Amino acid sequence: MFDHLIGNQSAKDVTGRFLTAGRVPNALLFAGPEGVGKKQFAIELARSIICREGGGEACNTCSACRRAQAFKFPPSDEREEYKRVIFGEHPDVGMVIPYGRNILVDAIRALEVKANFRPYEAASRVFIIDNAHLMNDAAANALLKTLEEPPATSHIFLVTSKPDALLPTIRSRSQILRFGPVNHTEIERLLLTTHEYSQEDAHLVATYSAGNVAAAIAAELAPQRERVELALSILRGAIVDGDIVSLLRKAESVSDAKNKDDFEPFLDLLEVAINLVWSARLGSEADVDSDIAELASQADPSRLASLVIEIEEIRQTLAVNINRKVAVDALMVSFAG
């Protein structure tokens, strides 16, 4: 089931059972980390629901299947367009997407109206709310009205990487389908088929993707190599050298304003590197790169645990808008300690 989507076999099994039994929930919450394919799963389930062949899984040949995944999204500056449900080429599959950092309440109210219409072509209608955690209180309460009395012929799929940010009443009225990071070996195989990568390059990008398929596919090889080298040099400074001056110099690269958009992904990458060293130190990794093996030979597991805690603490400071440079300098000082 859903064989062309990689990873999260348990989610595939659950959706397969829904379709086989003909009992897809009216409200389904796709919850898991960024970039693991949640929205693609939601679209594929929508295609399976409206497929004309009715064989459980989307047939990929009928016009309904093909049209259900064909969306054209409005430009980012056309706010009015984000106040509506965006339909693709199939009139029974619609999507609500955020405008900037918010899902507009008008879009949720439009969904409420559309969800109460009878299907045009299929037996059911499907509405996908992407990044559902970006609903404000007004939008969330508007959605709640629909979830309390869901129309029998409509399904609402909420896609989110932050399910705890949703109202508890929304979570309680939705069946949760949980997703996890995708195994790096599966990502590596995918990259070898979609990119002109050597085995070594695919391995590097996949290993440091933190299970994020979308990030791995979008990664540019040369900058990613530089980020990996920087992360390993920081760990070498923390584990082997303890050189605070060198670490503070590296902090300048990490907190550079021109790298603003890469900052949190770099923290993810640094955390992946620590986990690789930790796994190698404990002997749970069979295939270990030489740099990781060298660091693992000198690392104290308790020290590695403290490094992960320090990274999580910097994430919390960033959430309250603490100056990024100050936070990174503090992190490097703690790494040298």
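I began with Asn8, which I found in the segment before α1; helices here are DSSP runs of H or I of at least four residues, strands are DSSP runs of E of at least two, and both are numbered from the N terminus. I note that this is a predicted model, in which local features need pLDDT of at least 70 and side-chain atom pairs count only at pLDDT 80 or more, while totals for chains, interfaces and linings use all residues. Residues are numbered from 1 along each chain as its sequence is written, and side-chain values use heavy atoms, with hydrogens and water left out.

Most residues other than glycine have a negative phi. Is Asn8 buried or exposed? Asn8 counts as buried because its relative accessibility is 13%, where buried means under 20% relative accessible area, exposed means over 50%, and partly exposed is in between, with a 1.4 Å probe and protein chains only.

I then turned to Asn60, in the loop between α2 (38–50) and α3, which also is not a glycine and has a positive phi of about 70 degrees. With a relative accessible area of 44%, Asn60 is partly exposed.

**Entry: the whole protein**

I looked up the overall figures next, and the protein has 15 helices and 6 strands. Its C-alpha atoms fill a box of roughly 65 × 40 × 35 Å, taken along the principal axes. Of the 337 residues, 49% count as buried. Among contacts (heavy atoms within 4.5 Å) between residues at least 6 apart in sequence, 67% join residues at least 24 apart.

**Entry: the sheet**

In what order do the 6 strands stand in the sheet? I read the order of this open sheet as β2-β3-β4-β5-β1-β6, with mixed pairing; two strands pair if DSSP finds at least two bridges between them. The edges are β2 and β6 (175–178), each with a single partner strand, so one side of each is left without a neighbour in the sheet.

I followed the strands from β2, which is joined to β3 by a hairpin through 5 residues, and these strands run antiparallel with 2 bridges between them. Across this pair, Phe87 stands opposite Gly94 in β3. On to β4 (residues 125–129): here β3 pairs in the parallel sense over 4 bridges, with Gly94 opposite Phe127 and Val93 bridged to Val126.

In a regular strand the side chains alternate between the two faces of the sheet.

Helix α1 (residues 9–21) lies across β1 (27–31) and β6, at about 140 degrees to β6, and helix α5 (residues 137–148) lies across β1, β4 and β5 (154–160), at about 140 degrees to β5. For such values, axes are lines fitted to C-alpha atoms, for helices over the stretch in contact, and angles run from 0 to 180 degrees between N-to-C directions.

**Entry: Glu78**

I found Glu78 in the loop between α3 (63–68) and β2 (86–87), where it counts as partly exposed at 38% relative accessibility. Although Glu78 and Tyr99 are 21 residues apart along the chain, their C-alpha atoms are separated by 8.8 Å.

**Entry: Gln224**

Gln224 belongs to helix α10 (residues 221–241), and I noted that it is buried, with a relative accessible area of 8%. What does Gln224 touch, if residues up to four places away in sequence are not counted? I listed Leu204, Val205, Tyr208 and Leu269.

**Entry: α12 against α15**

Last, I looked at helix α12 (residues 263–281) and helix α15 (residues 324–336), which pack at an angle of about 15 degrees with their axes 13 Å apart. That makes α12 roughly parallel to α15, since angles under 35 degrees count as roughly parallel, over 145 as roughly antiparallel, 65 to 115 as roughly perpendicular and the rest as oblique.

The contact is made by Phe263, Leu267, Leu270 and Ile274 of α12, and by Arg324, Val328, Leu331 and Phe335 of α15. I sorted the residues of this contact into 7 nonpolar, no polar and 1 charged; Ala, Val, Leu, Ile, Met, Phe, Trp, Tyr, Cys and Pro count as nonpolar, Asp, Glu, Lys and Arg as charged, and the others, Gly among them, as polar.
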